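Open the model in your viewer and keep the sequence panel at hand. The stops below say what to select and what is there.

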Amino acid sequence: MRSNAIVIPYFDCFSAAQKKVINALEIPNKVVFMAADEFDDKYVKTTGDSWRFRYSGADLHLDFSSFECGYQKKLCKYLIRRYIIDHIPFTTNNLLYGFKQIFIWLKEQAASFSAKTFIPLLQSGEYSSFKTRNETFYYALFMLKELGTIDFPAIGEDIEDDLVLLPRPDNDNWGIYQNAGDAINERRISQIVKGLWRMSNNIQKGTEFSKMELRNNSYLGVSYVSGPRPSQFDKLKVSDFNVDAIRKAGKASRYSLKIPYAKQGRVVDDTERMDIALPEEVGVILEAYISAHKLDDGEKLFPSFAQSSDSINKCINRCLEVYCKDEVRISSSQFRHNAAHSLAMRGSSAEDIAYILGHSSLVVARHYIMATPDLALVRLRALGMNQAWKSIIQLMTTGELVFSDKWSGRKVAGVIGGQLHYHVGGCDRDCAECPFAEVRSCYSCLFFRPFIDGVHLEVLYSIQKEIIQTVTLSDDIGDMGNPVIPLLTLMRDDVMSVMKRIEQRYGKGFGNYNDIEFVEVQ
């Protein structure tokens, strides 16, 4: 573990606009460690310049006092705090050390804090001469991606488009930091999809939502599907939204949206648009939004903002506060990156990806294909079988744990792996009907109340049985891109998460899955 007690001499690398944004950044008095184990500290106080805590068997010390520039100090505190939200804090010591190396380099070069400074640095590979060597690339990548989510001056939200083209350094032993460059993780996507589905289902049942809720979820839904730029959102008209088919018995309604092209290498007719099919859930929300605001075909679909990028991101993140139940922030630019990443993972052509992104050039699309091997999926599956992963699984995906004899509400039941499972938990949902598959979706649902004495081990066995059957079938037909495999793997992780919570709180007699032999999914 590196010591980060090195002095960073004063150097003013920020513009007046950047200083204004840094002053406005909010850092809570305590940062909570969501995946802390029994003997780990559960939080760290952030009021001073010395953050001390114990995690994963080590005493860690983040020393911010060595920054002579207050703006650099506060920005690093903010970034470390953002990193802890989705990562284990054990690596923050090295991350802070990396940030300090970057600011030392800025002073030596007398350079400004801007994309024009960082992109050439990352392109040239000069970072390999830093004390943190190739790790520096991923430290800087995380920094730029996080600042892009708040449209930081001289960095900008569109920094994602530049970052995806950067060549990645050769691997050494810092694989954990490469997660900073990944697309939106599957757990977040699952929470978003379920949130949109739940709202759509309630709309169809007659539930009324405020105009603001409908607007915010419309932004989120469209961003999730294709990740339009703020300039594309600004050009959308009501007439661009189409109901292609009305729901009939046993069939879903079909919706589409004509989205204007984004970056173009030539001048094009402003009426030229691309037709994007929308999932029924997003279409229902958009239809309700248009109806609530009484918009006519010739009007703008979304309101005009003085700062479109910042305002759209705020709308999106208000929804995420509800759906994810923790402090997560995702920008429309990250959704665009995620859409391209997902298409590349599913074998889409460069032309298809460029079409969804609204690009007239195939350069960026081809890079997504080349830079998106199946390693991400392999890593997800491998982590599910790794002992260390069991100890760091997020522990707040469901509601409170209860004993079955204390639960008086509705119990859930469902079939997995050809077996009926019913003694697993209760549902605290207000409505009697659940729009999701019971048991299969429960372990990642905030309304699920897992039974402490439930038969979760049997559920885990059944999921593993389905994984083996699905992989065998995929092998037989030569389809290694079967989308069911990662869904089942994620479901398995959710069950393991609940079992881990029960085991940590009530001991080895409950929720123990250490004796299960997991079959590696290829």
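Select Lys 19 and Asp 12 and show their side chains: they meet in a salt bridge, with N and O 2.8 Å apart. Asp 12 is partly exposed, because its relative accessibility is 35%. This is a predicted model, and it holds eight salt bridges.

**More salt bridges**

Go to Arg 54 and Asp 59, another salt-bridged pair, whose closest N and O atoms are 3.0 Å apart. Which of the two classes, exposed or partly exposed, does Asp 59 fall in? With a relative accessible area of 64%, Asp 59 is exposed, whereas Arg 54, at 34%, counts as partly exposed.

Next, select Arg 449 and Asp 428. The closest N and O atoms of this salt bridge are 3.2 Å apart. Arg 449 is in strand S12 (residues 448-450), while Asp 428 sits in the loop between strand S11 (425-427) and S12, so the pair ties together parts 21 residues apart in sequence. The Arg 449 end is buried, at 16% relative accessible area; the Asp 428 end is partly exposed, at 38%.

Then pick Asp 49, Lys 73 and Lys 77 together. Salt bridges with shared partners join these residues into one network.

**The nonpolar cores**

Select Phe 99, Phe 103 and Phe 113. These are the residues with the most contacts inside the largest nonpolar core, which has 56 residues. To see where the core comes from, colour strands S3 (50-55) and S4 (58-63), then helices H2 (70-86), H3 (92-109), H4 (115-124), H5 (135-149) and H6 (159-163); each of them supplies at least two core residues. Which element gives the most? Helix H5 does, with nine residues.

Move on to a second, separate core of 41 residues, which includes Leu 257, Ile 259, Ile 290 and Ile 316.

Stay on Ile 290, which is in helix H10 (residues 280-293). Ile 290 counts as buried because its relative accessibility is 11%, below the 20% cut-off for that class. Leaving aside residues up to four places away in sequence, Ile 290 touches Val 238, Phe 241, Leu 295 and Leu 301.

**A buried asparagine**

Select Asn 317, which lies in helix H11 (residues 308-323). Is Asn 317 buried or exposed? Asn 317 is buried, with a relative accessible area of 10%. The Asn 317 side chain reaches the backbone oxygen of Asn 313 at 2.7 Å. Beyond four places away in sequence, Asn 317 touches Val 328, Arg 329 and Ile 330.

Switch to a surface view and select Val 415, Leu 420 and Tyr 422. Together they make a nonpolar surface patch of about 330 Å². Leu 420 is found in strand S10 (residues 419-421).

**The whole chain**

The protein chain has 18 helices and 12 strands. Of its 522 residues, 53% count as buried. The accessible surface of the chain is about 23,800 Å², with 51% of that belonging to carbon and sulfur atoms. Among contacts in the chain with a separation of 6 or more, 69% are between residues 24 or more positions apart.

Terms used. Residues numbered from 1 in each chain as written. Predicted model: local features only at pLDDT ≥ 70, side-chain atom pairs only at ≥ 80, totals over all residues. Heavy atoms only, no water. Patch = residues over 30% accessible without salt bridge, like charges linked within 9 Å, V, L, I, M, F, W, Y side chains within 5 Å. Areas by Shrake-Rupley, 256 points an atom, 1.4 Å probe, with all protein chains shown as cover. Salt bridge = Lys/Arg side-chain N within 4 Å of Asp/Glu carboxyl O. Helix = DSSP H or I, 4+ residues; strand = E, 2+ residues; numbered from the N terminus. Core = buried A, V, L, I, M, F, W, Y, C linked by side-chain atoms within 4.5 Å. Buried < 20%, exposed > 50% of the residue type's maximum accessible area, 1.4 Å probe, protein only. Contact = heavy atoms within 4.5 Å. Polar contact = N/O pair within 3.5 Å; in protein donor to acceptor, adjacent residues only side chain to side chain.
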